[in-house]
Amino acid sequence: MANTQKRSSRTSILSLPTEVLSEVLARVASSSSADLFRANLCCKLFNEVSEAKNIYQRVSLDRFEIVPWPKNHKVSRFLKKCRQSKNPEALYRKGVVDFFSDKHEDSALENLEEAANSGHADAAYALGIIYIFVGGDELKCKGMRLLMKSRLLQGRVNLCCQNLRALLRMIWVKNPVFLNPTPICCAMTHERKTSSWPMHPDEVEESTCEGCACDEEIRAICAALPYR
Ligand SMILES: [Zn+2]
């Protein structure tokens with residue numbers, strides 16, 4: 001009797017319902033893809049369960065190059081499956097790379113919107129920048145709202161900006177929208193800092209202008225673009 005109990009406790013993880021096991025593996029995957037791949041090698045059941053959509057949706061891509069080079073078909077297939085499973089980081093990477101390098105613009109925006117809607121802060125920030133560059137009053141306002149929302153998440157905005165700049169330095173930015181004159185969000189509704197140097201103490205208030213705040217973000221991104 002004691003032996004039977006011991007045996008059953010040793011094999012308990014394999015007797016878990018599939019959905020529970022896939023949740024366990026999804027949690028493993030979300031902290032480390034390497035641990036997920038190691039778990040897959042443990043047994044046939046783990047290997048089968050790890051094909052579940054929720055695992056691809058949550059797997060961490062930290063160990064994957066943003067722009068894998070040289071191209072590896074196995075990696076490409078894996079990342080494609082992540083995107084099909086709506087993995088926000090995979091959608092963000094593909095969206096930024098495609099949009100800025102002027103490929104599949106529509107699906108790039110769809111990928112970024114999907115990621116942003118699921119709460120991916122970097123994707124929301126990148127969309128904000130793109131909307132402002134693409135222009136038109138409506139898109140520009142939408143872009144500014146996204147950038148201001150990012151700015152409200154304390155400290156997060158700088159990280160988003162840094163991540164986007166790092167990504168842009170790895171790719172060839174060919175979309176003509178980024179080669180056009182730099183858009184300006186603060187449409188001169190008040191005197192801008194640059195027009196009144198040296199700054200008067202009364203003008204400190206200027207830093208709260210949302211248009212100027214967005215222009216700062218645009219300038220930071222432009223500095224990472226080629227040919228500027
Ligand atoms: Zn302003």
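Throughout these legends, contact means heavy atoms within 4.5 Å. The model shown is predicted.

**View 1. Arg93 and the residues it touches.**
Let's start in helix α7, which spans residues 88–100 and holds R93. Leaving aside residues up to four places away in sequence, R93 touches L61, D62, F64, E65 and I66. Is R93 buried or exposed? R93 has a relative accessible area of 10%, and because buried means under 20%, R93 counts as buried.

**View 2. Helix α2 against helix α3.**
Here the pair to look at is α2 (residues 18–31) and α3 (residues 33–40). Two packed helices are described by the angle between their axes and the distance between the axes. For this pair, the axes come within 5 Å and cross at roughly 140 degrees, which makes α2 oblique to α3. On the α2 side, the residues in contact are L25, V28 and A29; they meet S33, D35, L36 and A39 of α3. Sorted by class, this contact has 5 nonpolar residues, 1 polar and 1 charged.

Which atoms of the protein are donors to the zinc ion? They are the SG atoms of C186, C209 and C212, at 2.2 to 2.3 Å from the ion. Along the sequence, the donor residues follow the spacing C-x22-C-x2-C. Two of these cysteines can also be placed by their accessibility: C209 is buried at a relative accessible area of 15%, and C212 is buried as well, with a value of 7%.

Conventions. Residues numbered from 1 in each chain as written. Predicted model: local features only at pLDDT ≥ 70, side-chain atom pairs only at ≥ 80, totals over all residues. Heavy atoms only, no water. Donors = N, O, S within 2.8 Å, 3.2 Å for Na, K, Ca; no water. Buried < 20%, exposed > 50% of the residue type's maximum accessible area, 1.4 Å probe, protein only. Axes fitted to C-alpha atoms, helices over the stretch in contact; angles between N-to-C directions. Helix = DSSP H or I, 4+ residues; strand = E, 2+ residues; numbered from the N terminus. Parallel < 35°, antiparallel > 145°, perpendicular 65-115°, else oblique. Nonpolar A, V, L, I, M, F, W, Y, C, P; charged D, E, K, R; others polar.
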